[in-house]
Amino acid sequence: MCRNIRTLFNFEPPATELEIRDAALQFVRKLSGFNVPSQANAAAFDHAVAAIAAEARTLIASLVTTTEPKNREIEAAKARARSAERFGSRNS
């Protein structure tokens with residue numbers, strides 16, 4: 001599950017609110033073991049997602065670096081190439 005969490009810092013364009021929330025959701029799902037919580041746990045689950053997303057925004061905003069921001073398209077192409085190398089091409 002957590003393999004879906006992507007690095008959000010130092011990208012151009014910066015991480016969106018949706019990307020931050022999705023990462024928080026994946027994190028809470030992993031910690032809780034629930035993909036979708038029961039009604040009894042929904043409020044606690046939603047609160048945890050919101051709290052972790054807020055802390056992630058704070059963390060990303062406070063980090064500093066001297067390196068140039070990475071380009072999302074270039075990094076995605078590199079990831080696809082690594083995946084093709086590891087798992088082979090879909091056309092095979």
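Me: Which helix gives the largest share of the lining of the largest pocket?

Reply: Helix 3, with nine residues. This is a predicted model: local features need pLDDT of at least 70 and side-chain atom pairs 80 or more, while totals for chains, interfaces and linings use all residues. Residues are numbered from 1 along each chain, and side-chain values use heavy atoms, without hydrogens or water.

Me: What counts as a pocket and its lining?

Reply: A pocket is an open set of points on a 1 Å grid where a 1.4 Å probe fits, with protein on both sides within 12 Å along at least five of seven lines; lining residues have an atom within 4 Å of a point.

Me: How do the lining residues of the largest pocket divide?

Reply: Seven are nonpolar, three polar and nine charged. Here Asp, Glu, Lys and Arg count as charged. Helix 1 (17-32) and helix 3 (72-87) each supply at least two lining residues. Helices are DSSP runs (H or I, at least four residues).

Me: What comes just after helix 3?

Reply: G88, with a positive phi of about 90°.

Me: New topic. Which residues make up the largest nonpolar core?

Reply: Nine residues: L8, I20, A23, A24, L25, V28, F45, V49 and A53. Helix 1 and helix 2 (39-62) each give two or more. A core joins buried nonpolar residues (under 20% relative accessible area) through side-chain atoms within 4.5 Å.

Me: Which helix gives the largest share of this core?

Reply: Helix 1, with five residues.

Definitions and conventions. Buried < 20%, exposed > 50% of the residue type's maximum accessible area, 1.4 Å probe, protein only.
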